[in-house]
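Student: Could you take me through the features of this model and show how each one is read?
Tutor: Let us go through them in turn, with the general idea first and the case after it.

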Amino acid sequence: MSEERFGEFVLVRRHGHVAELALDRPKAMNAVSTGMARSLAAACAALGDDKDVRAVVLTSTHERAFCVGADLKERNSFSDADLVRQRPVARGAYTGVLELPVPTIAAVHGFALGGGFELALSCDVIVADRTAVVGLPEVSVGVIPGGGGTQLLPRRVGAARAAELIFTARRVEAGEARELGLVDLLVEEGRDREEALGLGARMAANSPVGLRAAKKALRLGHGLDLRAGLEVEDAAWRSVAFSGDRAEGVRAFNEKRTPDWPGE
């Protein structure tokens with residue numbers, strides 16, 4: 001397993017074709033400072049360009065928290081001009097995760113609040129253990145979810161449920177979070193990272209060309225009417241139909257062996 005650090009607070013570990021993107025600011029429960037946001041965006045850009053990466057798992061090195069959201073201690077010192085300057089940097093962290101071109105899985109334990117939950121929502125699948133507590137409490141401190149929460153949450157749970165959760169700013173514990181669809185897989189305490197990495201490995205065993213095209217079709221087609229969505233799907237299918245991966249996949253199936261993906 002190799003490791004690469006992006007700035008002080010973001011660590012990337014390689015597990016074969018799975019990249020683990022670890023939030024590593026334990027002294028602040030992974031609160032997202034300006035520096036951490038910049039590093040997260042840089043890490044995502046590097047992973048997105050790396051054709052050897054087939055899946056990304058977003059984890060935390062803190063024992064009791066995934067991420068508690070924006071660094072409000074830093075924000076408390078900001079002037080209005082500082083806040084304006086920081087906004088594109090903060091957005092870059094969330095869109096960096098959201099726009100990763102490969103499957104992404106969040107491994108959540110403990111607190112995933114505000115921007116922390118928005119980082120998880122930016123992933124394709126959320127695995128949580130039984131210690132997880134999630135929520136978007138931004139209106140309780142005079143702002144709104146600004147890392148995608150007002151858009152990503154209703155796409156998961158519907159407009160009315162998202163409104164109730166955002167307007168009350170309430171925290172939701174793991175069992176209810178699974179029932180409401182705020183997280184996708186609920187696992188035993190302490191197993192979120194292991195289960196998420198295992199799921200990532202199962203995804204990464206498949207065609208890298210197919211994975212990227214399928215994610216693009218899922219993301220671009222969401223919210224379109226069916227006819228338009230099917231056109232998005234057809235364009236994605238055409239992008240892989242004549243690829244080396246497709247030829248190898250069909251050949252391996254007929255030869256009853258594991259494919260050796262060329263990745264092109």
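Student: Which residues make the nonpolar surface patch of about 270 Å²?
Tutor: Keeping in mind that this is a predicted model, the nonpolar patch is made by Leu72, Val141 and Val143. Val143 sits in the loop that runs between β9 (133-135) and α5 (149-157), and because its relative accessibility is 44%, Val143 counts as partly exposed.

Student: How should I read the salt bridges, and how many does a search of the whole structure find?
Tutor: The general idea is that side chains of opposite charge can pair when their charged atoms come close. Here the search of the whole structure finds 20 salt bridges. Glu248 is buried, because its relative accessible area is 6%, under the 20% cut-off, whereas Arg257, at 33%, is partly exposed, and Glu255, at 47%, is partly exposed.

Student: Where do Arg161 and Glu164 lie?
Tutor: Both lie in helix α6 (residues 159-168), three residues apart, about one turn of the helix, and they form a salt bridge whose closest N and O atoms are 3.6 Å apart.

Student: Are helices α9 and α10 roughly parallel or antiparallel?
Tutor: The axes of α9 (residues 208-221) and α10 (residues 226-241) come within 9 Å and cross at roughly 165°, so α9 is roughly antiparallel to α10. The crossing of α9 past α10 is right-handed.

Conventions: Residues numbered from 1 in each chain as written. Predicted model: local features only at pLDDT ≥ 70, side-chain atom pairs only at ≥ 80, totals over all residues. Heavy atoms only, no water. Patch = residues over 30% accessible without salt bridge, like charges linked within 9 Å, V, L, I, M, F, W, Y side chains within 5 Å. Areas by Shrake-Rupley, 256 points an atom, 1.4 Å probe, with all protein chains shown as cover. Salt bridge = Lys/Arg side-chain N within 4 Å of Asp/Glu carboxyl O. Helix = DSSP H or I, 4+ residues; strand = E, 2+ residues; numbered from the N terminus. Buried < 20%, exposed > 50% of the residue type's maximum accessible area, 1.4 Å probe, protein only. Axes fitted to C-alpha atoms, helices over the stretch in contact; angles between N-to-C directions. Parallel < 35°, antiparallel > 145°, perpendicular 65-115°, else oblique. Left-handed = near helix turned anticlockwise from the far one by under 90°.
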